[in-house]
Amino acid sequence: MSPTGAAPGRAQSRRTLRRLLSARNVVVAAATALALLLPLFGSNFFVEFVMTRTMILGIAAATIVFLAAYGGMVSLAQYLLAGVAGFMVGNAVVAQDAWSKGLKLGWNPWVAVLFALAVTTAVAFVLGALASRTTGIYFLMITLTYAVIGYYVFGSITPLSGFGGITGIDPPGLFEDHPQRMYLALVVLSVLVYVAFRVLAVTPFGLALQGIRDDPVRMASLGFNVSLHRTLAFTLAGFTAGLAGVFNVWWNGQIDPTSISIGPTLDLLIVAVIGGTLSLEGAWLGAFVFVAANNYLRNLPLVDHIGITEARFNTIVGVLVLLIMILSPDGLAGIIDRIRLGLRRLVQLSRGSGAGPPEAAAGSAP
Amino acid sequence: MNTDAATAASAERSGSLLNLEAVVVAFGGLQALGGVDLEVWKGDRLALLGPNGAGKTTLFNVIAGDIKPTSGRVIIKGIDCTELPARFRPRLGVARTYQKTRLFRGLTVEDNLYLAQTGRSGRHLALLRSGVDAEFRERARAMAETVWLADVVGVTAGDLSHGQQRQLEIGMALVTGPEFVMLDEPASGLSRGERERLVQLLLSLDVDITLLLIEHDMDVALRAAQRVMVMNEGETVASGTPDEIRVDPLVHAIYLGSEAGLRGADP
Ligand SMILES: Nc1ncnc2c1ncn2[C@@H]1O[C@H](COP(=O)(O)OP(=O)(O)OP(=O)(O)O)[C@@H](O)[C@H]1O
Ligand SMILES: [Mg+2]
């Protein structure tokens with residue numbers, strides 16, 4: 001055929017390279033490098049509190065984004081699932097003779113992690129199977145119900161949750177008294193989760209999931225088991241939320257039913273919305289903004305003067321979310337995307353070149 | 001089980017692919033189908049005509065399993081499919097298009113055509129790509145060419161023009177390698193030239209492929225089909241060869257005055 005068809009292998013690998021070096025990937029890689037180097041110059045507080053919390057919330061929020069962007073399912077059960085993992089770790093690791101509550105099984109912390117992830121995955125599978133026949137607002141409502149029920153279940157089964165929660169939960173020796181190591185592990189885990197979700201999007205499984213997002217009826221008539229597929233995606237997201245939950249309980253050292261109540265559940269949704277529910281990067285971006293606002297906005301000098309107390313802090317966050325949503329339904333990631341496109345158009349204009357290629361891909365694939 | 005196998009065997013022998021027995025569909029008080037019987041043979045080219053609201057799409061939905069009939073039976077290749085959900089149809093070689101396009105609007109043309117094939121094979125749960133995958137990709141690109149979308153294989157389906165979306169809709173049915181294709185108004189919204197191309201495509205289909213076609217454009221329908229069935233208010237009112245239907249007084253009565261509307265002026 002055409003002469004260029006002679007070396008398809010080379011052309012292909014060059015195309016692959018170009019795709020890998022997209023602006024998006026370069027920015028993500030730079031951010032990762034910065035995050036890994038942060039302990040060298042960041043303050044202890046910033047690394048061990050702000051950024052560690054950012055990574056935990058980022059991973060948990062990424063599971064919301066994954067389900068929403070690829071599966072068209074907005075789940076409010078992700079914080080509950082993280083909490084399930086946290087409670088399992090708490091019950092499993094606290095020693096029999098410790099001054100604490102819960103089952104106090106006193107297991108090896110790594111065995112406890114496997115146990116917690118297994119339980120969380122199983123719970124996610126069951127919850128996912130029950131919710132998988134619904135979509136849109138109904139799916140949201142069902143998962144909200146899960147979150148509420150989960151809160152009451154842990155609140156009422158006190159042998160599992162203690163009265164005031166389980167305290168004194170130590171991370172494994174690897175991380176105990178090494179908060180910077182925990183932070184670095186979370187950065188690595190974040191990268192793994194991010195890459196895994198993005199790679200998943202182009203596997204047969206991931207493509208089918210996006211097909212289900214776009215048109216479940218068509219998918220069924222093509223022979224797909226739509227609800228099984230949704231269930232499996234939800235299970236995978238649940239497992240990943242469980243990973244975040246394990247680190248969360250290590251970081252907090254304790255867990256109680258209030259920590260998985262409706263407040264934190266909505267906080268996680270807010271994180272996803274701030275970042276943009278259609279962009280994976282947005283999960284971590286949203287988490288950072290949320291945690292930073294939480295830690296720093298409270299200390300601003302004007303806070304005392306105009307009488308913004310702890311209780312009214314939520315109003316500020318609410319206004320922030322509202323502003324972002326009005327400016328861009330796709331959150332901060334959407335705003336950044338638009339700025340990027342605007343800049344490119346400016347560059348094109350200044351170069352005097354007329355119409356560039358249409359941005360067909362922009363905003364279509366997460 | 002035994003009788004089922006016997007029915008299947010006899011269906012195979014007589015070449016009967018689809019049997020509808022007294023199919024009734026009621027939406028609340030409205031009876032969309034009032035006891036339709038239909039037999040389709042292997043290799044049949046059957047066009048379904050009828051005014052708006054006649055129940056043509058509802059009949060498709062029943063055959064494809066998208067809705068369950070209120071009463072009656074749907075038998076495909078001798079297997080009673082009345083209670084089987086839609087997702088078991090592709091294994092029987094059934095493929096359909098939708099009157100209102102149902103595409104994966106966030107995916108590219110190639111991915112749409114690729115996904116259409118994976119459902120039947122069970123490959124969609126796979127996390128790794130394999131040799132079969134490359135084959136599917138190749139077939140997806142070939143089908144894009146067949147339905148005149150070769151130069152937009154990388155474009156997101158939601159960004160295609162209306163006509164291109166109609167073409168992709170047809171491609172997604174054909175790419176599954178079906179034995180029995182149901183097309184719901186494939187020519188609607190296409191230009192005159194595109195309609196002509198479509199007729200040629202339908203005529204070029206393998207002779208073994210069975211075709212059931214809903215089409216308001218009489219010209220397309222009567223040229224592509226060997227047999228015509230006319231429906232009105234949920235009932236079959238006439239059937240015969242295209243030539244017979246062309247001169248059938250009853251058909252004229254039903255279409256009288258709306259002939260112009262039937263030619264292309266679609267919503
Ligand atoms: N899901 C539904 N719920 C309620 N009524 C329905 C539903 N689907 C179809 N109908 C009604 O059933 C009747 C038959 O509709 P159908 O779509 O089968 O007609 P059609 O022959 O395909 O018409 P058209 O040429 O306009 O596509 C119509 O009166 C329609 O309003
Ligand atoms: Mg119709």
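Here are a few numbered notes on this predicted model.

1. First, the ground rules. Residues are numbered from 1 along each chain as its sequence is written, and chains are lettered from A and ligands numbered from 1 in the order written. Since the model is predicted, local features need pLDDT of at least 70, side-chain atom pairs count only at pLDDT 80 or more, and totals for chains, interfaces and linings use all residues, while side-chain values use heavy atoms, leaving out hydrogens and water.

2. Which residues hold the magnesium ion (ligand 2)? B:Thr57 (OG1) and B:Gln99 (OE1) coordinate it at 1.9 to 2.1 Å. Donors here are N, O and S atoms within 2.8 Å of the metal (3.2 Å for Na, K and Ca); water is not among the atoms, so sites may look incomplete.

3. B:Thr57 lies in helix 2 (residues 56-64) of chain B and B:Gln99 in the loop between strand 6 (94-96) and helix 3 (109-121), so the pair ties together parts 42 residues apart in sequence. Helices (H or I, at least four residues) and strands (E, at least two) are DSSP runs, numbered from the N terminus.

4. B:Thr57 is partly exposed at 25% relative accessibility, and B:Gln99 is partly exposed at 32%. Buried means under 20% relative accessible area, exposed over 50%, partly exposed in between (1.4 Å probe, protein chains only).

5. Now the backbone: most residues other than glycine have a negative phi. B:Trp148 has a positive phi of about 60 degrees, and sits in the loop between helix 4 (131-146) and helix 5 (162-174) of chain B.

6. B:Glu233 also has a positive phi, about 45 degrees. You'll find B:Glu233 in the loop between strand 9 (227-232) and strand 10 (235-240) of chain B, and at 64% relative accessibility B:Glu233 counts as exposed.
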